[in-house]
Amino acid sequence: MSTREGAIARALTFFDEGKFRDRLAGLVAIPSTSQDPGHEADVKRYLEAGIRPWIERLGFTVAVHPNPQPGFGPILTAERIEDPSRPTVLTYGHGDTVRGLEDQWDEGLKPWTLTEAGDRWYGRGTADNKGQHALNLTALEQVLAERGGKLGFNVKLVLETSEERGSLGLRAFVAANAEALKADVLIASDGPRVAADTPTVSTGTRGTFHFDLVLDVRPGGVHSGNWGGMTTDPAIVLSHAIGAICDRNGKILVRDWLPRNGMPAAVRAALAGCELHSEASATIDPGWGEPGFTAAEKVFGWNSFIVLAMVSGRPENPVNAVAPNARAHCQIRYTVDSDPTTFEAALRRHLDANGFPEVKIERAGIRMPASRTNPDDPWVRWTVDSMERSLGRRVQVIPNSGGGLPGDVFVDHLHVPLVWIPHSYNGCKQHGPNEHFLIAPARQGMAAYAGIWWDLGEAGTPAVGPR
């Protein structure tokens, strides 16, 4: 007789026998980077050879579509419909990765080879995002086997290959295929947990708004001895302009950038007791950011300003000259409680009021919109209950993760609640050399998802909306 416990045990046995690791190794071996030119065939091969045959064996109808945005990677959709009266779950992942950076990995490690060392599986895409969506589909496979070829619910899948280039084309694709992708909830995995040992559910992501600050003062550099001290140094002026935007301790001074009504009570309640810890790669500095907030509130419930790059002259080859210009590329990470359409105008007013009318704002705009489902949504509560029953421990809910994902696309066009269940952690080095997947959280994720997939086939799911 098939049981919930049997489904979880089956999934964990598959994991413990190394079968999931071997499957992930095969996916990592496909160098499906969307950021390096010349890998367009590999990106498509990931979908056509790595994913399609596998999920077709699970009874999915699969199609691979060209991206509506020319020059960007294809999008795979799949569906397995058993009974339209039962819940339909949409799940998501991305098969593209960032650059391999082959020459920067530690000795003995390679981006396109899965290497097990200690408690980690190294390889490009292990954490972002091949390991995460492959784990979820593997858990589904094991539940399907336990139930004798039936799930008791319906599944739809969107697997894109341009997420590491901003998910360009995904919005247009989902909008054009909204009827075919209609579902009751999105349950998917990407990004980090709040801590490696803390099972987490996130109900959205912060958005990103980018802009350049530019100061041009003359056609070219001039001799620092003959002109230094009497002609404007653009690097110094730009540094002061940035200092007017954010104080010495990271507090945003452009207050019109911040959530209009402060931090919502539901967000603060969800983050009560949420503890974050420093990692080897970065520390949590208590004095940095908005005063009076916990670390969790700063990164999951508030906005942040970051200078991503800054240059004046040629730092790699300096000369004795006052530079002609200075430029900084900046980013705002923002929650849905802010209005990003007002950011540029607010910055212009602030710079003018603080004596920097000559500093220009260029290339300002949203790169990835913010999204959030209410942490009290019935699907969120249902998922947390399922996970806690499977894992025997508390699950931390956060109103949105600190990073970005295209959840807004699914909210805007499919009107689904968002339930993100990350399997990675902040120290996974996902965009640099030595990217890795921690084995223990991955195993825990396998058990959690097996329980979720099983429970979706039972009574007691949240109400199914019209389709």
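Where does asparagine 434 lie? Asparagine 434 lies in the loop between β18 and β19. Helices (H or I, at least four residues) and strands (E, at least two) are DSSP runs, numbered from the N terminus. The model is predicted: local features need pLDDT of at least 70, side-chain atom pairs count only at pLDDT 80 or more, and totals for chains, interfaces and linings use all residues. Residues are numbered from 1 along each chain as its sequence is written, and side-chain values use heavy atoms, with hydrogens and water left out.

Phi of asparagine 434 is near 65°, a positive value in a residue other than glycine. Asparagine 434 is buried, at a relative accessible area of 9%. Here buried means under 20% relative accessible area, exposed over 50%, and partly exposed in between (1.4 Å probe, protein chains only). Lysine 429 lies in the loop between β18 (418-420) and β19 too. Lysine 429 is not a glycine, yet has a positive phi of about 60°. Its relative accessibility is 39%, so lysine 429 counts as partly exposed.

Two strands pair if DSSP finds at least two bridges between them. Axes are lines fitted to C-alpha atoms, for helices over the stretch in contact, and angles run from 0 to 180 degrees between N-to-C directions. Strand β5 (residues 120-122) pairs with β19 in the antiparallel sense over 3 bridges. Tryptophan 121 stands opposite phenylalanine 437 in β19. Past β5 comes the loop between β5 and α4, where asparagine 129 is found. A cis peptide bond joins aspartate 128 and asparagine 129, with omega about 0°.

Helix α2 (residues 19-28) packs against parts of this region. Its buried residues are Phe20, Arg23, Leu24, Leu27 and Val28. Seen down the axis of α2, they fall within an arc of 140°, so they line one face of the helix. The arc is that of the directions from the helix axis to the C-beta atoms. These buried residues pack against α1 (4-16), α3 (40-57), β5, α4 (130-146), β19 and α13 (439-456). Contact means heavy atoms within 4.5 Å.

Next, strand β2. Of the 6 residues of β2 (residues 75-80), 5 are buried. Strand β1 (residues 61-65) runs antiparallel to β2, joined by 5 bridges. Histidine 65 has isoleucine 75 in β2 as its bridge partner. Another 5 bridges join β2 to β6, again antiparallel. Here alanine 78 has leucine 157 in β6 as its bridge partner.

Leucine 168 counts as partly exposed, at 38% relative accessibility. Beyond four places in sequence, leucine 168 touches Asn67, Gln69, Phe72 and Ser162. The C-alpha atoms of leucine 168 and glycine 71 are separated by 9.7 Å, though the residues are 97 apart along the chain.

Now the second largest pocket. Its volume is about 250 Å³. Of the 17 residues that line it, the closest to its centre are Gly166, Ser167, Leu168, Arg171 and Arg367. The elements that give two or more residues to the lining are α5 (170-176), β15 (360-368) and α12 (407-414). On a 1 Å grid over the protein atoms alone, a cavity is a set of points where a 1.4 Å probe fits but cannot get out, and a pocket is an open set with protein on both sides within 12 Å along at least five of seven lines; lining residues have an atom within 4 Å of a point. Grid points are joined across faces, edges and corners, and a volume is the space filled by probe spheres set on the points.

Four strands form it in the order β12-β14-β10-β15, with antiparallel pairing. β12 (304-311) and β15 stand at the edges. The twist averages 20° from one strand to the next. Phenylalanine 305 stands opposite isoleucine 332 in β14. Helix α10 (residues 343-353) lies across β10 (207-216), β14 and β15, running at about 150° to β15.
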